[in-house]
Amino acid sequence: MTTHVEFWLNDRRVITDVPDGMLVLDYLRKDRLLTGTKEGCKEGDCGACSILIGEVVEGVMRYQPVTSCLTPVGEMHGKHVVSIEGLNLPGKLNPVQQAMVDRVGSQCGFCTPGFIVSMCWYMMAARETPTLEGFQRAFSGNLCRCTGYAAINRASLDLVENFGPGGQWASIWEADDRLSALMEAGLLPGYFAEMPKRLEAIGEMEEVPRDDADVIDFFVAGGTDLYVQKGELLPRAQVKILNRHPEMKGIRRQGDTLHIGALTTFEEFGASDEVVAFIPQIQDYLHLIASLPLRNRATIAGNIINASPIGDMTAIMLALDTTLVFARGETTREVELKRFYKGYKTFDKHPSEVMTELRLQIPAAGTGVYFEKVSKRRCLDIATVNSAARLRLSDDGVVEEASLTLGGVAATPLWLEKTGAFLTGEVLTDALWREALRIAHTEIAPISDVRGSADYKRLLATQLLTAHVVKAAPERVSLDAMLAI
């Protein structure tokens with residue numbers, strides 16, 4: 001399936017009718033011969049293919065780093081796609097490129113374009129003067145296997161010195177127009193100034209009428225799993241690009257209910273003031289879940305529909321007692337997430353239904369929301385076992401609310417119904433928690449696989465659940481409470 005897609009690629013206007021499902025990575029390298037964007041893992045893990053995607057949001061340009069190996073061309077209508085070539089200055093290096101040269105931050109050079117894209121984005125988006133930690137978080141999705149990160153960190157420190165307090169370009173962070181200030185400093189080429197006007201001149205996409213005989217093979221949202229599994233098929237398939245539907249995006253509060261568009265990404269969820277208000281640690285949790293470029297693509301609905309028993313965001317949404325809203329033509333219906341899964345990779349959804357929204361009640365004051373995860377790597381890895389919890393205790397230690405979840409210990413993401421019911425209304429003590437853990441172990445059924453043995457997963461389940469309760473009430477439950485299990 002193809003449609004008429006118009007966007008800006010670096011400083012050039014592009015109108016194309018390549019297949020909607022074609023990857024931006026393949027389009028850049030094969031159709032436009034822009035080979036600075038590298039093909040590495042083609043699974044979103046290495047960052048060698050990183051690009052920036054910009055769009056006008058409330059009259060202001062907003063850019064995000066994404067992995068082009070998971071991003072379809074059909075989604076680019078009305079946007080600004082920036083490859084490494086689009087960050088070059090006429091006749092000289094920009095400050096990020098120069099810092100990498102000065103500090104020998106590149107050896108084979110394969111990963112270098114992706115690092116530079118991520119570092120430039122950080123300078124464009126940082127809310128305050130740059131820090132080494134900020135740079136490191138920005139390029140957390142970029143892997144280097146020959147230079148080593150010490151040289152790249154030194155290049156980052158040079159930028160911190162030049163653009164931080166007392167540096168040559170310290171005034172950038174006080175400017176109302178960040179992009180203009182960065183252009184003046186020579187970090188971005190001047191054509192960036194024209195992008196808001198250029199993008200606004202692109203009209204709305206006109207969907208090509210589809211023959212009723214056509215069957216949609218794939219619904220594409222973030223693509224972070226679909227392109228890994230079916231990447232060779234998508235360019236030739238009938239696909240529906242869900243991100244063309246802005247009505248399925250955004251987070252809004254209505255009374256005590258939070259309405260979350262199905263296409264809301266992990267990063268958008270974590271950046272929402274409404275979410276931060278009841279999950280202050282959400283950015284720390286997200287750091288365990290995926291790299292920034294992946295969090296900019298992965299959608300909450302996609303994580304749920306993927307139905308992985310170890311879906312990280314699914315565990316959190318289960319703990320928050322989320323309701324799913326599905327549409328099929330003009331018909332809509334609601335399903336509780338805790339009743340959604342029927343078995344391994346099976347769930348309560350008709351193939352032609354599309355999830356449009358998620359709804360949850362905002363937790364009452366004093367409620368803690370927690371997330372824990374163990375994987376072979378601390379970050380950027382699939383969980384062996386993960387867990388989330390929503391807990392509220394009274395001043396005298398009575399458990400008023402307990403919603404506990406586990407992933408990796410059953411065929412589906414698991415809501416511990418019996419364990420939560422046992423705890424609710426009881427005074428929390430070590431003895432009560434030990435009994436709750438025994439009940440939890442009757443609700444799980446881990447199997448041995450490449451990520452760990454069944455016994456190891458049971459141990460992790462015990463430890464992660466206990467970590468939640470210790471965080472919620474350290475004066476009432478100790479780590480020793482789990483030793484007898």
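Colleague: How far is the sulfur of Cys-120 from the closest cysteine sulfur, and in which residue is that sulfur?

Modeller: Before the case itself, please note that this is a predicted model, in which local features need pLDDT of at least 70, side-chain atom pairs count only at pLDDT 80 or more, and totals for chains, interfaces and linings use all residues. Residues are numbered from 1 along each chain as its sequence is written, and side-chain values use heavy atoms, with hydrogens and water left out. A disulfide is a pair of cysteine sulfur atoms within 2.5 Å. The closest cysteine sulfur to that of Cys-120 belongs to Cys-111 and is 15 Å away, which is too far for a bond. Cys-146 is likewise in no disulfide, as its nearest cysteine sulfur, in Cys-108, is 3.7 Å away. The count of disulfides by this rule is zero.

Colleague: Which residues have the most contacts inside the largest nonpolar core?

Modeller: A nonpolar core is a set of buried Ala, Val, Leu, Ile, Met, Phe, Trp, Tyr and Cys residues joined through side-chain atoms within 4.5 Å. The largest one here has 86 residues, and those with the most contacts inside it are Ile-300, Ile-304, Met-317, Leu-423, Leu-428 and Trp-433. Another core, of 45 residues, lies apart from it and includes Trp-8 and Phe-135. As for contact in general, the word means heavy atoms within 4.5 Å. Not counting residues up to four places away in sequence, Met-317 touches several residues, among them Ile-260, Phe-269, Leu-337 and Leu-360.

Colleague: In what order do the strands of the open sheet stand?

Modeller: Strands of a sheet pair through backbone hydrogen bonds, either parallel or antiparallel. Helices (H or I, at least four residues) and strands (E, at least two) are DSSP runs, numbered from the N terminus, and two strands pair if DSSP finds at least two bridges between them. The open sheet has four strands in the order E15-E16-E17-E18, with antiparallel pairing. Strands E15 (368-375) and E18 (414-415) are at the edges with a single partner strand each, so one side of each has no neighbour in the sheet. E18 pairs with E17 (residues 399-407) over two bridges, and Thr-405 stands opposite Trp-415 in E18.

Colleague: Which strands does helix H14 lie across?

Modeller: For such angles, axes are lines fitted to C-alpha atoms, for helices over the stretch in contact, and the angle runs from 0 to 180 degrees between N-to-C directions. Helix H14 (residues 312-319) lies across E15, E16 (383-393), E17 and E18, at about 20° to E16. Helix H17 (residues 454-472) lies across E15, E16 and E17, at about 30° to E16.

Colleague: What is the phi of Val-104, and where does this residue lie?

Modeller: Val-104 has a positive phi of about 50°, although it is not a glycine. Its place is the loop between helix H2 (95-102) and helix H3 (112-125), and Val-104 is exposed, at 56% relative accessible area. Ala-307 also has a positive phi, near 65°, and lies in the loop between helix H13 (300-306) and H14. Ala-307 is buried, however, with a relative accessible area of 1%.

Terms used
Buried < 20%, exposed > 50% of the residue type's maximum accessible area, 1.4 Å probe, protein only.
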